[in-house]
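Me: I'm new to this one and would like to learn how to read it. Could you walk me through it, feature by feature?

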Amino acid sequence: MISRNRRLRTNDSIRSLVRETNLTTNDLVLPMFVMEGNNKKEAISSMPGVFRQSLDLTVQTVKENYKLGIKAVNLYMKVSDNLKDNTGKEAWNPNGLMQNTIRAIKDAVPGVIIMPDVALDPYSIYGHDGIIKNGKIDNDSTVEALVKMGVSHAEAGADILAPSDMMDGRVLAMREGLEESGFTDVGILSYAAKYASAFYGPFRNALDSAPVDAQEIPADKKTYQMDFHNSREAIDEALKDVDEGADIIMIKPGMPYLDIVSKIRELITQPIAVYQVSGEYAMLKAAAQNGWLDNDKVLIESLTSIKRAGADMIFTYAAPEVARLLNQ
Ligand code: PBG
């Protein structure tokens, strides 16, 4: 035998010399749930260790995590039912919860990259990412609403808009909206390949945003999010969003979709973000809480596998605890 692969696995020193992928705190983006009020913190039962917090506590958490090395946050708002309607117009209220949160974070931690979610579902009475017109999720009027929403985030101080809605043509429309309003340096991270996935369940509990039966539209998002049986379609979505001006391309969910990540990695030069979504987080936590899996090890392994597949950054609810592990 001339070649023995085990030679380079003999001890940790040699293993670390030949290591192809390294997970660092530079890779982490923390998604956060914000709610109205003051000094309020509510646990999300299906996501152990994750909370909905009022603005003041959110700012404090961002500050603490920034010290741990987490330089980017992705923001989601839980708004009360009386602010919801079919148009989602609360989403571009200049003094809405999102806009106030962006301003407060920017003020307290200027170095942090703020990535607000741009989608109507937390503001829709139907829990949909689009406006319903004539019994359909109407693409073009939704895109107009998303542009207003995105520009209002930019006005509040957002760094990178993160549209997660999956309407057609929204990246170009948003880019044009930003250019026209003078926000030439505000970027777009587009959820390009976002699948209609059952792994979003715990997130919808967190925001009380699960889709409901509306007029003739069933309570799912299959007319705009992608069919999970497909992968060529994901490539098409990614290439179109790049053409429309997206700075970063998102693939979502994470672990069950690493084939998609690796294919798109080969085809585009833009940075790729991958979302380890709420259901993936919940699975790992549930098994760890039962003593069936080693919490720390599976977190690091699952995130490293996402990076190995081609991600440049990973959205994960575990970012704070992973940063602590990596800093040890
Ligand atoms: C909504 C949105 C969802 C997630 C991010 N943005 C849920 C959905 O599409 O219904 C899911 C994130 C997660 O599950 O962690 N636009």
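Me: Which residues surround the ligand?

Reply: First, a word on the model: it is predicted, so local features need pLDDT of at least 70 and side-chain atom pairs count only at pLDDT 80 or more, while totals for chains, interfaces and linings use all residues. Residues are numbered from 1 along each chain as its sequence is written. A residue is near a molecule if its C-beta atom, placed from the backbone, lies within 6 Å of it. Here the ligand has around it Asp 117, Ala 119, Asp 121, Asp 129, Ser 164, Asp 165, Tyr 200, Phe 203, Arg 204, Lys 221, Val 277 and Ser 278.

Me: How many residues of each class are in that shell?

Reply: Ala, Val, Leu, Ile, Met, Phe, Trp, Tyr, Cys and Pro count as nonpolar, Asp, Glu, Lys and Arg as charged, and the others, Gly among them, as polar. By that scheme, the shell holds 6 charged, 4 nonpolar and 2 polar residues.

Me: Which residues does UniProt list as "active site"?

Reply: Such positions are given in the numbering used here, with shortened feature names, and annotations may be inferred rather than shown by experiment. The unreviewed UniProt entry lists Lys 194 and Lys 252. They are spread over 59 residues of sequence, yet they cluster in space, with a largest C-alpha distance of 4.9 Å.

Me: Where do they sit, and are they buried or exposed?

Reply: Helices (H or I, at least four residues) and strands (E, at least two) are DSSP runs, numbered from the N terminus. A residue is buried if 20 or more other C-beta atoms lie within 10 Å of its own, exposed if 12 or fewer, and partly exposed in between, with C-beta atoms placed from the backbone. Lys 194 lies in strand 9 (residues 187-194) and counts as buried because it has 27 C-beta neighbours inside 10 Å. Lys 252 lies in strand 10 (residues 248-252) and is buried too, with 24.

Me: What is Lys 252 in contact with?

Reply: Two residues are in contact if their C-beta atoms, placed from the backbone, lie within 7 Å. Leaving aside neighbours within four places in sequence, Lys 252 is in contact with Tyr 191, Lys 194, Tyr 195, Tyr 275 and Val 277.

Me: And where is the "binding site" feature?

Reply: UniProt's unreviewed entry puts that at Glu 237, which lies in helix 7 (residues 232-243). Glu 237 counts as buried because 23 C-beta neighbours are inside 10 Å. Beyond four places in sequence, its contacts are Ala 192 and Ala 193.

Me: How do I read the sides of a helix?

Reply: An α-helix has 3.6 residues a turn, so residues three or four places apart point the same way. In helix 7, the buried residues are Ala 234, Glu 237, Ala 238, Asp 241 and Val 242. They cover an arc of only 130° around the axis (taken from the directions from the helix axis to the C-beta atoms), so they are on the same side of helix 7. On the other side, Arg 232, Asp 236 and Asp 243 are exposed. The cover over the buried residues includes helix 5 (170-180), strand 9, strand 10 and helix 8.

Me: What comes just after helix 7?

Reply: There, Gly 245 takes a positive phi of about 110°. Gly 245 belongs to the loop between helix 7 and strand 10, and counts as partly exposed because 17 other C-beta atoms are within 10 Å.
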